[in-house]
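I opened a new page for this chain. Below is what I looked up, in the order I went.

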Amino acid sequence: MDDRNIMENLLLLEKGVCDLYMHGAIESSTDNVRTAFSDSLGTSLSLQDQIYSKMQERGWYAPQQADSSQLSSLKMKFAQG
């Protein structure tokens, strides 16, 4: 396993952790529990951003830019729905 695969796995894992913390915060029944999940979510989002930035620096993660026809298509799709 090379560095790129390790970073991709870390990014996917961190995204999954963020999802779990978000749902924990939404479903929590007390302020203390909600705060704990929310604080953990903030930390995980920061880590996710750091991993993403490192991958982008190395050219391992380059988001695809949408062209104007794709944007127009999406706008029409959601305007109808």
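Is Glu8 buried, partly exposed or exposed? I looked up its relative accessible area, found 29%, and wrote down that Glu8 is partly exposed. I also noted at the start that this is a predicted model.

**Entry: the partner of Glu8**

I checked what the side chain of Glu8 meets. It forms a salt bridge with the side chain of Arg4, at 3.2 Å from N to O. In general, side chains of opposite charge can pair when their charged atoms come close. Arg4 and Glu8 are 4 residues apart in helix H1, so about one helical turn separates them. I then looked up Arg4, which is partly exposed at 35% relative accessibility.

**Entry: the other salt bridge**

I counted salt bridges and got 2. Besides the pair in helix H1, I found Arg34 and Asp31, whose side chains meet at 2.9 Å, N to O. Both residues lie in helix H2, which covers residues 31–57. They are 3 residues apart, about one turn of the helix. For accessibility, I recorded Arg34 as partly exposed, with a relative accessible area of 33%. Asp31 has 57% and is exposed; the cut-off for that class is over 50%.

**Entry: a nonpolar patch**

Which residues make the nonpolar surface patch? I listed Met1, Ile6 and Leu10, with an area of about 320 Å² for the patch. Met1 sits in the segment before helix H1, and that helix runs over 3–27. I looked up Met1 separately: its relative accessible area is 75%, so I filed Met1 as exposed.

**Entry: the whole chain**

I stepped back and counted 3 helices and 0 strands. Read from the N terminus, the order of elements is α-α-α. The radius of gyration is 17 Å, well over the 12 Å that the globule rule gives for 81 residues, so the chain is more spread out than a compact globule. I also noted the span of the C-alpha trace along its principal axes, about 45 × 45 × 20 Å.

How much of the chain is buried? I found that buried residues make up 16% of the 81 residues. The accessible surface comes to about 6,400 Å², and carbon and sulfur atoms account for 55% of this surface.

Last, I looked at contacts between residues at least 6 apart in sequence. Of these contacts, 58% join residues at least 24 apart.

Methods. Residues are numbered from 1 along each chain as its sequence is written. This is a predicted model: local features need pLDDT of at least 70, side-chain atom pairs count only at pLDDT 80 or more; totals for chains, interfaces and linings use all residues. Side-chain values use heavy atoms; hydrogens and water are left out. Patches are made of residues with over 30% relative accessible area and no salt bridge: like charges are joined within 9 Å, nonpolar side chains (Val, Leu, Ile, Met, Phe, Trp, Tyr) within 5 Å. Accessible areas come from the Shrake-Rupley method with a 1.4 Å probe; for residues, only the protein chains shown count as cover. A salt bridge is a side-chain nitrogen of Lys or Arg within 4 Å of a carboxyl oxygen of Asp or Glu. Helices (H or I, at least four residues) and strands (E, at least two) are DSSP runs, numbered from the N terminus. Buried means under 20% relative accessible area, exposed over 50%, partly exposed in between (1.4 Å probe, protein chains only). The radius of gyration is taken over C-alpha atoms; the globule rule is 2.2 Å times the number of residues to the power 0.38. Contact means heavy atoms within 4.5 Å.
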